[in-house]
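Dear colleague,

Please find below the sequence and structure that I am handing over to you. A summary of the findings follows.

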Amino acid sequence: MTEPLDALLDLLDLERIEQDIFRGESRSALVPRVFGGQVAAQALVAAGRTVPEDRLAHSLHAYFLRPGDPGAPIVYTVDRIRDGRSFTTRRVVAVQHGQPIFHLSASFQTYEEGLDHQAAMPPAPDPETLPTAAEILPRHLPAPVAERLIEARAAVDLRYADTPPWGSVGEPREPRSQVWFRTNGKLADDPLLHVCLATYVSDMTLLDSVLLAHGRGGWAVGDVVGASLDHAMWFHRPFRADDWLLYDQESPSSSGGRGLGQARIWTRDGRLAISVIQEGVVRVPRG
């Protein structure tokens with residue numbers, strides 16, 4: 001296991017301070033607030049630790065309420081909404097400085113057999129043929145920005161299938177993007193851990209497709225400002241976050257200072273593992 005991945009796993013290993021109350025730390029981000037994927041993943045960890053191990057996460061719905069302070073701990077309070085025969089529902093509120101910053105609802109289910117079908121996996125290049133973040137970022141961004149991005153994403157091997165938005169500024173194109181990702185190191189055989197790590201990564205690039213439609217480079221180059229507003233995920237089939245996963249993303253709409261991203265995440269052998277939808281603030285800075 002690499003040192004950055006080990007640090008990320010420590011970040012997700014919340015401290016239990018009461019039966020259903022947990023505390024997590026933060027890491028510095030590219031912007032002066034807590035990375036949304038971190039809060040979502042930590043909240044799912046908190047929810048999962050109050051659920052029997054044989055019940056697996058199958059969906060989450062979340063709202064980002066306030067910017068998180070990366071210099072302060074986050075307290076996660078879990079409400080045990082329902083424990084049914086097949087499904088378990090949890091609600092988690094993340095609090096800093098006495099105010100809620102994030103709200104999550106998550107549902108868990110015992111395994112059962114059922115009808116099974118899925119859409120076809122889209123074509124995508126082999127991840128092993130694509131440049132790494134350390135190779136592609138310095139080509140398009142100033143050295144200090146590239147170094148910060150590489151450091152922030154060091155726990156994950158994330159590879160763009162095409163030129164990322166900050167590499168094609170001023171060139172509007174189809175609002176669709178693909179990235180392959182996996183953790184930079186092997187993980188334990190804990191289904192909740194893999195789900196939480198996929199949740200963490202899912203907030204990194206989903207709004208890129210909004211930027212592509214308008215030829216904007218995004219937060220890395222400063223030609224838009226934005227933040228996640230809400231986030232939803234459905235976990236369809238088992239997967240491993242330490243094996244390659246294809247994140248196929250598109251934006252059907254942007255208006256009113258908001259942009260919508262929707263995506264599917266596939267295993268390398270073509271199984272549809274996760275569906276994702278996110279809306280975020282996407283604003284052009286005023287001159």
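This is a predicted model, in which local features need pLDDT of at least 70 and side-chain atom pairs count only at pLDDT 80 or more, while totals for chains, interfaces and linings use all residues. Residues are numbered from 1 along each chain as its sequence is written, and side-chain values use heavy atoms, with hydrogens and water left out.

The sheet

Helices (H or I, at least four residues) and strands (E, at least two) are DSSP runs, numbered from the N terminus. Two strands are taken to pair if DSSP finds at least two bridges between them. On that basis there is an open sheet of 12 strands with antiparallel pairing, in the order E1-E2-E4-E5-E6-E3-E9-E12-E11-E10-E8-E7. Strand E1 (15–18) and strand E7 (156–160) are its edges, each pairing on one side only. From one strand to the next the twist averages 25°; angles run from 0 to 180 degrees between N-to-C directions, and axes are lines fitted to C-alpha atoms, for helices over the stretch in contact.

Individual pairings

Strand E2 (residues 21–24) runs antiparallel to strand E4 (residues 74–83), and 4 bridges join them; Gly-24 has Ile-74 of E4 as its bridge partner. E4 also pairs in the antiparallel sense with strand E5 (residues 87–96), over 8 bridges, where the partner of Tyr-76 is Ala-94 in E5. A hairpin of 3 residues joins E4 to E5.

Strand E9 (residues 225–235) and strand E12 (residues 272–283) are antiparallel over 10 bridges, and Asp-230 is partnered by Glu-279 in E12. Strand E8 (residues 176–183) pairs with E10 in the antiparallel sense over 6 bridges, and Phe-181 stands opposite Leu-245 in E10.

The E10–E11 hairpin

E10 and E11 pair in the antiparallel sense over 9 bridges, with Leu-260 in E11 as the bridge partner of Ser-253. Their hairpin has 2 residues between the strands, and Gly-256 in the turn has a positive phi of about 60°. Gly-257 lies in the loop between strand E10 (245–255) and strand E11 (258–267). What is the exposure of Gly-257? Gly-257 is partly exposed, with a relative accessible area of 27%; buried means under 20%, exposed over 50% and partly exposed in between (1.4 Å probe, protein chains only). Neighbours within four places in sequence aside, Gly-257 is in contact (heavy atoms within 4.5 Å) with Gly-280, Val-281, Val-282 and Arg-283.

The helices

Helix H2 (residues 36–48) has 13 residues and reaches 18 Å from its first C-alpha to its last, close to the 18 Å expected at 1.5 Å a residue; the expected span is 1.5 Å times one less than the number of residues. Because 13 of the 13 residues of H2 are buried, this helix is largely enclosed by the rest of the structure.

Helix H1 (residues 3–12) and H5 pack at an angle of about 105°, with their axes 12 Å apart. H1 is thus roughly perpendicular to H5 (under 35 degrees counts as roughly parallel, over 145 as roughly antiparallel, 65 to 115 as roughly perpendicular and the rest as oblique). Leu-8, Leu-9 and Leu-12 of H1 make the contact with Leu-193, Leu-197 and Tyr-200 of H5. Tyr-200 is buried, with a relative accessible area of 3%.

Yours sincerely
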